[in-house]
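Subject: Structure handover

Hello,

Here is the structure I promised to pass on. Please open it first and keep it beside you while you read.

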Amino acid sequence: MSMTALKAQTTERVRSVAAMLEEEIVLGWLLPRERLVEEELAERLAVKRHVVREALADLERVGLVERIPNRGAVVKLLDPVEVRQIYSVREALETLAAEQIPLPASATVLDALREVQQHHAVAVDSADARAAFRANMQFHETLFGACGNPPLVELIQGLAQKVHGARSITAASPEHLRLARDEHAAMIEALAAGDRDRLVALCRQHLGPSRDAYIAAIEARFPRPGPL
């Protein structure tokens with residue numbers, strides 16, 4: 001195998017491992033402050049340690065992993081203040097995108113969203129958390145991509161990834177998965193009906209459950225010291 005092909009293969013493995021670990025963080029299978037030991041991950045994922053090391057570096061760059069002295073790499077614990085701040089910006093950007101989607105939505109956009117929504121609904125009904133996560137990501141990429149503003153879409157996707165860990169409480173919860181499924185269906189209905197106010201309200205409402213559940217869980221697990 002040529003050096004170029006070998007490098008491409010390694011790059012693809014790094015991306016695959018990073019994506020898999022990202023999913024496990026989002027789904028709450030890897031918890032905040034949990035150690036990410038290269039040797040253990042390499043053995044579990046059947047890859048070389050340097051692949052895991054590069055994947056962890058990628059996740060550190062996007063804010064899902066951090067390195068703590070004397071502990072190594074761990075799942076980043078998002079501070080509730082930071083989560084509130086990022087979600088407030090997400091709300092502004094995502095509602096802005098919803099306001100820019102041409103309405104009523106085109107048949108092309110509606111067909112694409114309905115197809116993804118069907119995949120998401122099947123995953124929810126079968127309790128396939130990984131598939132539901134992937135379909136959920138695709139739904140929002142398709143929805144906000146319809147606004148026709150690539151820089152806005154890029155900002156939305158970057159901030160969503162930055163707080164992926166905040167979804168760890170709800171991403172595998174049957175109750176929250178069903179809620180997300182139903183809200184997706186309502187968004188499609190609003191798009192088809194040309195109901196801008198309903199669409200914007202749904203996009204704003206959609207962000208609340210994961211944010212609130214994460215903040216409540218973290219504040220209960222790591223209470224701040226009271227005043228002296």
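**Overall**

Keep in mind that this is a predicted model. The protein has 10 helices and two strands. From the N terminus, the order of elements is α-α-α-β-β-α-α-α-α-α-α-α. Its radius of gyration is 19 Å, close to the 17 Å that the globule rule gives for 228 residues, so the protein is as compact as a globular protein of that length. The C-alpha trace spans about 65 × 55 × 35 Å along the principal axes.

Of the 228 residues, 44% count as buried. The exposed surface comes to about 12100 Å², and carbon and sulfur atoms supply 54% of it. Take the contacts between residues at least 6 apart in sequence: 75% of them join residues at least 24 apart. On charge, there are 28 positive and 32 negative ones. Their mean positions lie 5 Å apart.

**Salt bridges**

How many salt bridges does a search of the whole structure find? The count is 14.

Start with glutamate 23 and arginine 130. Their side chains form a salt bridge, at 2.5 Å from N to O. Glutamate 23 sits in helix α1 (residues 3–26) and arginine 130 in helix α6 (residues 129–145), so this pair ties together parts that are 107 residues apart in sequence. Is glutamate 23 buried or exposed? Glutamate 23 is buried, because its relative accessible area is 6%, under the 20% cut-off.

This pair also belongs to a network. Salt bridges link Glu23, Glu24, Arg44, Arg130 and Arg134.

Next come glutamate 219 and arginine 84. The salt bridge between their side chains has an N to O distance of 3.4 Å. Glutamate 219 lies in helix α10 (residues 208–221) and arginine 84 in helix α4 (residues 80–100), so parts 135 residues apart in sequence are tied together by the pair. Glutamate 219 is partly exposed, with a relative accessible area of 38%. Arginine 84 also counts as partly exposed, at 41% relative accessibility.

Distant parts of the chain are linked here: glutamate 91 is in helix α4, arginine 204 is in helix α9 (residues 196–206), and the two are 113 residues apart. Glutamate 91 is partly exposed, at 24% relative accessible area. Arginine 204 is partly exposed too, at 38%.

**Single residues**

Leaving out residues up to four places away in sequence, glutamate 24 touches Trp29, Leu30, Arg44 and Arg130. Two of these, Arg44 and Arg130, are also members of the network.

Which buried glutamate has no salt bridge? That is glutamate 183, found in helix α8 (residues 174–193). The nearest side chain of opposite charge belongs to arginine 198, 8.0 Å away. A salt bridge needs the nitrogen within 4 Å of the carboxyl oxygen. Beyond four places in sequence, glutamate 183 touches Gln205 and His206.

Arginine 90 is in helix α4. It is buried, with a relative accessible area of 11%. Setting aside neighbours within four places in sequence, arginine 90 is in contact with Leu159, Ala160, Val163 and Leu207.

Glutamine 100 is also in helix α4. This residue is partly exposed, at 33% relative accessible area. Not counting residues up to four places away in sequence, glutamine 100 touches Cys147, Asn149, Leu152 and Arg196. For glutamine 100 and arginine 196, 96 residues apart along the chain, the C-alpha atoms are 9.4 Å apart.

Best wishes

Terms used: Residues numbered from 1 in each chain as written. Predicted model: local features only at pLDDT ≥ 70, side-chain atom pairs only at ≥ 80, totals over all residues. Heavy atoms only, no water. Helix = DSSP H or I, 4+ residues; strand = E, 2+ residues; numbered from the N terminus. Buried < 20%, exposed > 50% of the residue type's maximum accessible area, 1.4 Å probe, protein only. Rg over C-alpha atoms; globule rule 2.2 N^0.38 Å. Contact = heavy atoms within 4.5 Å. Areas by Shrake-Rupley, 256 points an atom, 1.4 Å probe, with all protein chains shown as cover. Lys, Arg positive; Asp, Glu negative; His and termini not counted. Charge placed at Lys NZ, Arg CZ, Asp CG, Glu CD.
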